[in-house]
Amino acid sequence: MFISLNDDQVEMVTVFFEDRELSVRKGLPIAAALLEAGVAHFRNAPVTGAARAPFCMMGICFDCVLIIDGMPNQQSCMVEVRDGMRLARQSGLADVMSGSDKEQLSI
Ligand code: FES
C-alpha cells in the first residue's frame with residue numbers, strides 16, 4: 001500500500017499491534033508506520049461499528065485513534081513510534097474516567 005522512498009540507513013524499532021510484532025521505521029508517526037506495515041483497520045466507528053483507518057494524517061479526523069500503551073483515544077498520526085510500544089485497535093468510544101471519578105460525578 002505505502003512504499004518508503006528512502007530506505008538507506010534507516011533505523012528500525014519494534015512495536016506490537018494487537019498480537020502482531022512489527023518492525024517499523026524509527027521517527028515515523030504511528031499511523032504512517034502501521035500503514036506502511038500493512039495495517040488498514042485502526043478503530044471501529046462508535047455508532048455503526050464500521051472499520052476506520054487514518055484519513056487526514058494531521059490530527060483533524062480522529063479516524064486513526066488507537067489505544068497506545070494502555071491509553072485510549074490517542075491520535076496515532078500525532079505520536080511518534082517508540083521501541084516496544086503496545087498498540088491496540090479501539091472499538092467505539094473509550095471510557096475515559098475511572099470508577100471513582102464516575103461516582104463523584106453521579107451525585
Ligand atoms: S489521521 Fe486524522 S486525526 Fe489522525
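## Overall fold

Read along the sequence, the elements of the protein chain follow the order β-β-α-β-β-β-β-β-α, and the secondary structure comes to 2 helices and 7 strands. The model is a predicted one. Among contacts between residues at least 6 apart in sequence, 41% join residues at least 24 apart.

## Nonpolar core

The largest nonpolar core has 20 residues, and those with the most contacts inside it are Ile 30, Leu 34, Phe 42, Leu 66 and Leu 87. Two or more residues of this core are given by each of strand S1 (12–17), strand S2 (20–25), helix H1 (30–36) and strand S5 (65–68). The largest share, 5 residues, comes from H1.

## Salt bridges

The structure holds 5 salt bridges. Lys 26 pairs in this way with Glu 11, the closest N and O atoms being 3.5 Å apart. Because Lys 26 lies in the loop between S2 and H1 while Glu 11 lies in the segment before S1, the pair ties together parts that are 15 residues apart in sequence. Lys 26 itself, at 47% relative accessibility, counts as partly exposed.

Glu 36 forms a salt bridge with Arg 25, with 2.8 Å between the closest N and O atoms. Glu 36 belongs to helix H1 and Arg 25 to strand S2, so this pair ties together parts that are 11 residues apart in sequence. Glu 36 counts as partly exposed at 27% relative accessibility, whereas Arg 25, at 17%, counts as buried.

A further salt bridge joins the side chains of Arg 52 and Asp 63 (3.1 Å, N to O). This pair links distant parts of the chain, with Arg 52 in strand S4 (residues 51–52) and Asp 63 in the loop between S4 and S5, 11 residues apart. Arg 52 is partly exposed at 33% relative accessibility, while Asp 63 is buried at 9%. Salt bridges that share partners join Arg 43, Arg 52 and Asp 63 into one network.

A search of the whole structure finds 0 aromatic pairs. Arg 86, however, lies over the face of Phe 16, at 4.0 Å from the ring centre.

Gln 75 is found in strand S6 (residues 71–75), and this residue counts as buried because its relative accessible area, 18%, falls under the 20% cut-off. Leaving aside neighbours within four places in sequence, Gln 75 is in contact with Gly 59, Ile 60, Phe 62 and Cys 64.

Conventions:
Residues are numbered from 1 along each chain as its sequence is written. This is a predicted model: local features need pLDDT of at least 70, side-chain atom pairs count only at pLDDT 80 or more; totals for chains, interfaces and linings use all residues. Side-chain values use heavy atoms; hydrogens and water are left out. Helices (H or I, at least four residues) and strands (E, at least two) are DSSP runs, numbered from the N terminus. Buried means under 20% relative accessible area, exposed over 50%, partly exposed in between (1.4 Å probe, protein chains only). Contact means heavy atoms within 4.5 Å. Rings of Phe, Tyr and Trp (its six-membered ring) pair if their centres lie within 6.5 Å; planes under 30 degrees apart count as stacked, over 60 as edge-to-face and the rest as tilted. A charge sits over a ring if NZ of Lys or CZ of Arg is within 6 Å of the ring centre and within 35 degrees of the ring normal. A nonpolar core is a set of buried Ala, Val, Leu, Ile, Met, Phe, Trp, Tyr and Cys residues joined through side-chain atoms within 4.5 Å. A salt bridge is a side-chain nitrogen of Lys or Arg within 4 Å of a carboxyl oxygen of Asp or Glu.
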